[in-house]
Amino acid sequence: MSDRTDLLLSLADDELVLGWRNSEWTGIAPFLEEDVAFSSIAQNEIGHARALYELAAAELGTTADELAFDRTPEEYRCAPLVELRRLEWARTIARHWLYETADEIRLGELKTSEDPEIAGIAAKMNREEAYHRMHAEMWVDRLLSTDDGRSRLKEAVDELWPYALGVLDDELRPELRRRAEERLERKLAEVDAVPRGVHESELAELLEEMTSVRRSAPPGSQW
Amino acid sequence: MDARTQEFLEYVQSGGQVETGDWMPDEYRARLIKFIEMHGNSELMGVLPERDWILRAPTLQRKLALTAKIQDEVGHAQLIYRVVEDLGKPRSACLDDLVSGKAKFHNVFHYPTKTWGDVGVIAWLVDAAAIVSQKALLKCSYAPYARIMKKICWEESFHILHGRDVILAMVTGTDEQFGLVQEALDRWWEPLMHFHGNPIPAEEDPMFVWRIKSQGNEEARQQFLEGYVSQIRELGLEIPDPALRKDEETGTWLYTEPDWEKLRSVVTGHGPASEERLAFRRLSRQDVDWVERVVLAEAA
């Protein structure tokens, strides 16, 4: 597999799995407005995943759906940050904000790629992610505005910080630290990143549920 | 009935519409709140049977479509509760009454979803039954409710197309996939026949008298059967009611009398999934209770 395909699948798997996690809030978010917001964000992310899988599929001679659904858990390239099951609002917001901050750094690099397809898709994704970032920043402001919210956000960010570092390659991690510390006005722990390539046990559980309908008919069936 | 109320009644019965700031009889306001609140509750509770299937949707396209559909339903709840709020009952009070079991929601959302076949049947046929009722609300005597129904009907029509597409893919697929659809239809037929309510004559239905609804229950059910029985049968599916047929002379659909006592029991919280759904919503409300406190503190 080429480095290009590897990159496409890393991005696509991040977006698919995070989109899946965000969908877990559909119907049960703290406000109806957040239900609607997280459903929109999830749709954007699944849409990005599909566009990225299509590029990879063209190279691999397969389809976007087969890449999204029919691989084994070990074959996924997503960062452990998106795999974690954290159906709790402070952690959801912390992950959302950390991921979007990291993603902005990553997309900033990819927009300047010499590969026009990669640069094009990164620019398109970045246009939509801008709204996700505004949403995440609004919630960070809200949580920081009260003692209770601030302490819950702190606990959540500290828990997820090593995972957030793992979204990016080594050389981009200092920039994530700089942006996060500036925003939170505090130092974050010097820790090893939880990198891509290892998987949390939650990924296998997620894939088990995600593919349960698809696996119930023979491969190649229409749904 | 006092003269002012009588005049109001004649006004709405002759097609007149009422705005939020207009005078209205207390009974009219109370009935509006109860009816519209139940509609909002139904949109919100209707999310629960479907949400699990976003996570299990078998292709990326289906996942996107189902997420968008369910998002629409939440958006409808948001709009509808706003109408209730203008009539004097805040959204938080509606949600409190919903989770405590005091307020009702529609019968179809008291049932579990077992397979992907249910997802198709709900989006196609439950939404089709709903749109029959909702189209009749386009003429509601309370104008703000009638206005939001335009957007809601437009979106529901789209859900029906999505549902029909899910069903078509399955009935033209493997025998097992066809079987999932037939089993789902078998499960949902009784709730669908209950959907429009017992055949109380329109003139005895207070909702019709005040022209909150513009048609009676049986009229709505006949419209649904007229629109969908042939479509269902065209796909090779069998409707689980041997007595179902159209009387060509009268143009009326005949069917086995549904168990109306069962409908009453289901909508008063004794359906197969009623308690589980309410418990789930209570729990998820508790879990995020602190978020509301933080947001209110920030706004203060």
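This is a predicted model: local features need pLDDT of at least 70, side-chain atom pairs count only at pLDDT 80 or more; totals for chains, interfaces and linings use all residues.
Visitor: Why does Glu185(A) count as exposed?

Guide: Glu185(A) has 7 C-beta neighbours inside 10 Å, and the class of exposed residues takes in counts of 12 or fewer. Glu185(A) therefore counts as exposed. Its place is the loop between helix 8 (173–184) and helix 9 of chain A.

Visitor: Which class, buried or exposed, applies to Arg211(B), and why?

Guide: Arg211(B) has 21 other C-beta atoms within 10 Å. The cut-off for a buried residue is 20 or more, so Arg211(B) is buried. Arg211(B) also has a positive phi, of about 60°, without being a glycine. The residue lies in the loop between helix 9 (206–209) and helix 10 (217–234) of chain B.

Visitor: Why is helix 3 of chain B described as largely enclosed by the rest of the structure?

Guide: Of its 8 residues, 7 are buried, so helix 3 of chain B is largely enclosed. The buried residues are Val47(B), Leu48(B), Pro49(B), Glu50(B), Arg51(B), Trp53(B) and Ile54(B). They pack against helix 1 of chain A and, within chain B, against helix 2 (26–45), helix 4, helix 6 (116–136) and helix 12 (274–287).

Visitor: How do you know that helix 3 of chain B and helix 4 of chain B are roughly antiparallel?

Guide: Helix 3 (residues 47–54) of chain B and helix 4 (residues 60–86) of chain B pack at an angle of about 155°. Angles over 145 degrees count as roughly antiparallel, and the pair is therefore given that description. The axes are 9 Å apart, and the crossing is left-handed.

Visitor: Which residues of helix 3 of chain B meet helix 4 of chain B?

Guide: Helix 3 of chain B brings Val47(B), Glu50(B), Arg51(B), Trp53(B) and Ile54(B) to residues of helix 4 of chain B that include Leu66(B), Ile70(B) and Val74(B). By class, the contact has 6 nonpolar, 1 polar and 4 charged residues.

Visitor: What is the geometry of the crossing of helix 5 and helix 6 of chain A?

Guide: The axes of helix 5 (residues 89–110) of chain A and helix 6 of chain A come within 8 Å and cross at roughly 150°. The crossing is left-handed. Among the residues in contact are Ile93(A), Trp97(A) and Leu107(A) of helix 5, with Met125(A), Trp139(A) and Leu143(A) of helix 6. This contact has 13 nonpolar, 3 polar and 5 charged residues.

Visitor: How do you know that the radius of gyration of chain B agrees with that of a compact globule?

Guide: For 300 residues, a compact globule would have a radius of gyration near 19 Å; chain B has 20 Å, and so the two agree. The C-alpha trace of chain B spans about 60 × 60 × 30 Å along its principal axes. The chain contains 13 helices and 2 strands, and 39% of its 300 residues are buried.

Visitor: How many residues does each chain give to the contact between chain A and chain B?

Guide: Chain A gives 37 residues and chain B gives 35 residues. Helix 2 of chain A supplies the largest share of the side of chain A that touches chain B, with 11 residues. By class, that side has 16 nonpolar, 13 polar and 8 charged residues.

Note on methods: Residues are numbered from 1 along each chain as its sequence is written. Chains are lettered from A and ligands numbered from 1 in the order in which they are written. Two residues are in contact if their C-beta atoms, placed from the backbone, lie within 7 Å. Helices (H or I, at least four residues) and strands (E, at least two) are DSSP runs, numbered from the N terminus. Ala, Val, Leu, Ile, Met, Phe, Trp, Tyr, Cys and Pro count as nonpolar, Asp, Glu, Lys and Arg as charged, and the others, Gly among them, as polar. Axes are lines fitted to C-alpha atoms, for helices over the stretch in contact, and angles run from 0 to 180 degrees between N-to-C directions. Angles under 35 degrees count as roughly parallel, over 145 as roughly antiparallel, 65 to 115 as roughly perpendicular and the rest as oblique. A crossing is left-handed if the near helix is turned anticlockwise from the far one by less than a right angle, and right-handed if clockwise. The radius of gyration is taken over C-alpha atoms; the globule rule is 2.2 Å times the number of residues to the power 0.38.
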